[in-house]
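Dear colleague,

My notes on its helix packing and its sheet follow.

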Amino acid sequence: MNEIRTIVSDIKKGNVKPIYFLMGEEPYYIDKISDYIEETVLDESEKGFNQQVLYGRDASVEDIISSAKRYPMMAEKQVLIVKEAQDLSRTIEKLVSYAQNPQPTTVLVINYKYKKLDKRKKLHKAIVKSGLIFESKKLYENQVADWIRRVLSGKKYQIEPKAAQMLVEFLGTDLSKISNELSKLMLILPKETIINDKHIEENIGISKDFNNFELQKAIGAKDIAKANRIINYFVVNPKNNPTVMTISLLNNFFTKLLLFHGLQNKSKSAVSKALGVGFYFIDDYFLAARNYPMRKVAQVIAFLRDADVKSKGVGANQTQGDILKELLFKILH
């Protein structure tokens, strides 16, 4: 986030690089920086003649170099944006000669999603000298809730931990999807709102009572009746509650629980750091640890792996619902 702020701040000050190579596994920030350059570097009156967008699947590196070497018309700079440049991964090194001596009146923005340049190659070294390389790294799942809080805080909203976790479980680590849902919430709810699970349920369609977070809590507490109610709801609503996702999240929970059992320092701060879990959820692990000794946790992880294989159609004649029900029975008994 700090690196992005610096990039934006420099552009605002007029310190614009001749090359921006935006790469990495997380497309959200690549799009944000590229869109910012597209929207702000040129005035509206300059864009018609001096702003161009190429796509990697349709253009060659030679086309990019040719366009980049043009001079701007009635403007100080031209902006050339190459989207989906990862489609040029086999020939991208041909850009070396241009990167070593870029056109000073051109701002070349290359969106190289889901891939990275090899730091040992000439192109990477040339761009580091003449322009800017930004790597957009994928967030780990345990970092996404904090990201949600930071984004909302910047827009004068807050969110309760359970509500943030519901979004993470439903949308995963796809920041673009999460950002879209947050934008919907901010259109509906006034500023200074503390977003809770009811807001999520009413406006995004994630049940506040029947979701993987509540299932995890029920299983950890050995609340058999509640866990069965949630599983039965999942069976009736399979599209919103894929079996593979449920198994994956439970596996993550019990893997962390196994790690919890092995910790010598079980202070809340130490547990939070070791497990990558927020303080709001720590008590769930203390309770689950009392209900599931280490030997049982190891057994449950084996059950989860078996269910995962079955849910993907390997060696099983059961429905997805039956796989979930059988798994729940094995875990709780």
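**Helix packing and sheet**

In this predicted model, Glu181, Leu185 and Ile188 of α9 are in contact with His199, Ile200, Asn203 and Ile204 of α10 (contact: heavy atoms within 4.5 Å; helices: DSSP runs of H or I, at least four residues, and strands: runs of E, at least two, numbered from the N terminus). By class, this contact comprises four nonpolar, two polar and one charged residues (nonpolar: Ala, Val, Leu, Ile, Met, Phe, Trp, Tyr, Cys and Pro; charged: Asp, Glu, Lys and Arg; polar: the others, Gly among them). The axes of α9 (residues 175-188) and α10 (residues 197-204) lie 11 Å apart, at an angle of about 100 degrees (axes are lines fitted to C-alpha atoms, for helices over the stretch in contact; angles run from 0 to 180 degrees between N-to-C directions). The two helices, α9 and α10, are therefore roughly perpendicular (65 to 115 degrees).

Five strands form an open sheet with parallel pairing, in the order β2-β3-β4-β1-β5 (strands pair if DSSP finds at least two bridges between them). Each of β2 (51-55) and β5 (132-135) has a single partner strand, so one side of each has no neighbour in the sheet. The average twist from one strand to the next is 15 degrees.

Four parallel bridges link β1 (residues 19-24) to β5, and leucine 22 stands opposite phenylalanine 134 in β5. Helix α1 (residues 2-12) packs on the sheet, where α1 touches β1 and β5, and its direction makes about 145 degrees with that of β5.

Residues are numbered from 1 along each chain as its sequence is written, and side-chain values use heavy atoms, without hydrogens and water. As the model is predicted, local features need pLDDT of at least 70 and side-chain atom pairs count only at pLDDT 80 or more, while totals for chains, interfaces and linings use all residues.

Yours sincerely

Note on methods:
Parallel < 35°, antiparallel > 145°, perpendicular 65-115°, else oblique.
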